[in-house]
Amino acid sequence: MHLGNARTALLAWLHSRAQGGRHLLRFEDLDTGRVRAWAYDVTRADLEWLGLDWDEEVIQSQRLDLYRAAAARLDTYPCTCTRREVQAAIQDSAGAPHGAEPVYPGTCRAGSLHPERPAALRWRVPDEVVCARDGWRGETLCQHLPAEVGDVVLRRNDGVFAYHLAVVVDDAASGVTDVLRGEDLWTATPRQVALQRALGLPTPRYWHVPLMLDFRGERLAKRGGAPPVQALREVGDGPGRVLSELARSLGWSVPDEVSAADLLPLWRTEIGRAALGA
């Protein structure tokens, strides 16, 4: 966990506790090839060091049957297209990528073109406009799914279930009412709302908070040298000082050392500000 992850985790904890709610810790570890066994305990230790507790723990790699059952209830088809083939099909048509994400042109809708290849599983999205509301921005985002997103991958060709399906299933199973996460996931929210509707699941309230940036103005990331919280713990930095710096990065005026609980009144102010559209 680097400082950007820590700030989002802090805000999620503040949001839960400010409303007297239960707080969940979820390990999104479906891509097992990238998972390191030690990361679970390091993450728990980082959160505890910062004073962030939780009421329920979910490990996605232990819930594959739930995702498999959900996918079986949807209108899906096998897809053997590679990313390069999708990009080429888009360039050869009148279509164009939607931002950085190409819109799948439906190449395999009528049947897989390469049955000898391992197949991904795509969801045939409904032909409709789906809207999502964000509490932080006070904005609504609407997307016509076929034109702006395309048929969504629910399971990759290596058998890994997709993030969008897993979090929708997990949120409903855990009774999640509020989701606070980074703003990089904002544009993916309408497809998750569409999945919730197709599966008959409730839609939680969403809060997409700004990402923490480095000195270049780029998203803070490990590959860019973002310091891990573990390193700060091990060199003897105090959690109060780290929490203070995280709060100040949001423009909050706080002392040099604070506890997570000290920040609850400031978050309640943020909730009120967002509710009023200020």
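1. S16 counts as buried because its relative accessibility is 15%, where buried means under 20% relative accessible area, exposed over 50% and partly exposed in between, with a 1.4 Å probe and protein chains only. The residue lies in helix 1 (residues 3-18); helices (H or I, at least four residues) and strands (E, at least two) are DSSP runs numbered from the N terminus. The side chain of S16 makes a polar contact with the side chain of H23 at 2.9 Å, a polar contact being a pair of N or O atoms within 3.5 Å, of which, within protein, one must be able to donate a hydrogen and the other to accept it, while residues adjacent in sequence count only if both atoms are side-chain atoms. Not counting residues up to four places away in sequence, S16 touches G21, R22 and H23, contact meaning heavy atoms within 4.5 Å.

2. On provenance, this is a predicted model, in which local features need pLDDT of at least 70 and side-chain atom pairs count only at pLDDT 80 or more, whereas totals for chains, interfaces and linings use all residues. Residues are numbered from 1 along each chain as its sequence is written, and side-chain values use heavy atoms, with hydrogens and water left out.

3. For the chain as a whole, the secondary structure comes to ten helices and nine strands, and buried residues make up 44% of the 278 residues. Among contacts between residues at least 6 apart in sequence, 73% join residues at least 24 apart.

4. How do helix 6 and helix 7 cross? The axes of helix 6 (residues 163-174) and helix 7 (residues 189-199) come within 10 Å and cross at roughly 55 degrees, the axes being lines fitted to C-alpha atoms over the stretch in contact, with angles running from 0 to 180 degrees between N-to-C directions. That makes helix 6 oblique to helix 7, given that angles under 35 degrees count as roughly parallel, over 145 as roughly antiparallel, 65 to 115 as roughly perpendicular and the rest as oblique. The contact is made by Y163, H164, L165, V167 and V168 of helix 6 and by R191, Q192, L195, Q196 and L199 of helix 7.

5. D171 also lies in helix 6 and, at 7% relative accessibility, counts as buried. Its side chain makes a polar contact of 2.8 Å with the side chain of R26, and, when residues up to four places away in sequence are not counted, D171 touches R26, V176, V179 and P204.

6. E183 lies in the loop between strand 8 (178-182) and helix 7, and is partly exposed, with a relative accessible area of 30%. A polar contact of 3.3 Å joins the side chains of E183 and R137; leaving aside neighbours within four places in sequence, E183 is in contact with R137, H208, V209, P210 and L211. E183 and D134 are 49 residues apart in sequence and 9.8 Å apart in space, C-alpha to C-alpha.

7. In helix 9 (residues 239-248) the buried residues are G240, V242, L243, S244, L246 and A247, and these pack against helix 1, helix 2 (39-50) and helix 8 (229-234).

8. V153, found in strand 7 (residues 152-155), is partly exposed at a relative accessible area of 24%. Apart from neighbours within four places in sequence, V153 is in contact with A120, L121, R122 and A162.
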